[in-house]
Amino acid sequence: MLDTLVERYRWAEQDGLVALTITVATGRTEDEVVAAFGGTQAPRRIMTFRQIGDVLALPEAGSFHPMLIVSTDSCVVTIENTGFHGSIPEIARRASADGGRFFSAYWDMHGDHQVMYAEDGHVQVVFDPVDTRRVPAGLSVPLPRWAEGVRPDASSAGASCLALLERVMCVRIDRDWMHKPLSAVILPDPATMFDDPDAAWRP
C-alpha cells in the first residue's frame, strides 16, 4: 500500500518542491494550531504557495515566515514554503497536547528529510525516510509499524514523506493546495519563540 501512496505523491518531485513542511493536526481547532505555531496575534491574509516563494526571494523579505492553513472536518493542515516551524519538536508537543495528534513531513534544498509524529503532547518518533538509520540524538526508539515498507529512495523522498503522512493520519494532501489561494498567517522567527531553544529542538 505504501508504494501506491508514494506513486500518488510523485508530484512532490515533479512540481519542483525543493523545500516544504506540511503538518496535519487533529483534535485541535485552527486557532489552537496557529497558536501552537506561535501565530496567536498574527494577521491573516490570502496567498498562494507561489506568491510566498516570490516574496521570500526578495532581499527585503528578511525573517518573513508565512504559513498556509487548510481546515477540514477532521484536521488542520499547515503548509510552509521553505519554512520549518512544523519540524520543531516543541511545536509538535504544543499542537498535540491534551489528546491531539500531529504529523509533519519536512524536506529542504540541502537534501535533508524528516517525518515526525506526536501524540498527546509527546513526540513518539522522528526519522529520515530516506535513511531510516538517522534519528535525533537521545531518541533511541524503534521505527513504528507504520514505517514498515519504507525503502531509501532519494529520487522520491518528498513523495515518501507525504505517503507516510497519509498512512498515519488518513488525510490526503491535495496537490491543488500548492496552487490556489489559501488563508495565510505570518509566524514569528523560530529563533525568538522559545525560552530554551535547545529544549525546543529536542524530541
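**Exercise 1.** Which residue in S7 is the bridge partner of Tyr117?

*Solution.* The model is predicted.
Step 1. Strand S6, residues 113–119, pairs with S7 in the antiparallel sense over five bridges.
Step 2. Within S7, the bridge partner of Tyr117 is Val125.

**Exercise 2.** Determine why one side of strand S2 and of strand S7 is left without a neighbour in the sheet.

*Solution.* Step 1. The open sheet has eight strands in the order S2-S8-S3-S4-S1-S5-S6-S7, with antiparallel pairing.
Step 2. S2 (44–47) and S7 (122–127) stand at the edges and each has a single partner strand, so one side of each lacks a neighbour in the sheet.
Step 3. On average, neighbouring strands of this sheet are turned by 25° against each other, direction ignored.

**Exercise 3.** Classify the ring pair of Tyr117 and Trp146, and state whether each residue is buried or exposed.

*Solution.* Step 1. The ring centres lie 6.3 Å apart and the planes meet at 70°. Planes over 60 degrees apart count as edge-to-face, so the pair is edge-to-face.
Step 2. Tyr117 belongs to strand S6 and Trp146 to the loop between S7 and H6, so the pair ties together parts 29 residues apart in sequence.
Step 3. Buried means under 20% relative accessible area. Tyr117, at 7%, is therefore buried, and Trp146, at 18%, is also buried.
Step 4. Ring pairs link Tyr117 and Trp146 with Phe103 and Phe127 into a cluster.

Conventions
Residues numbered from 1 in each chain as written. Predicted model: local features only at pLDDT ≥ 70, side-chain atom pairs only at ≥ 80, totals over all residues. Heavy atoms only, no water. Pairing = 2+ DSSP bridges. Helix = DSSP H or I, 4+ residues; strand = E, 2+ residues; numbered from the N terminus. Axes fitted to C-alpha atoms, helices over the stretch in contact; angles between N-to-C directions. Phe/Tyr/Trp six-rings, centres within 6.5 Å; stacked < 30°, edge-to-face > 60°. Buried < 20%, exposed > 50% of the residue type's maximum accessible area, 1.4 Å probe, protein only.
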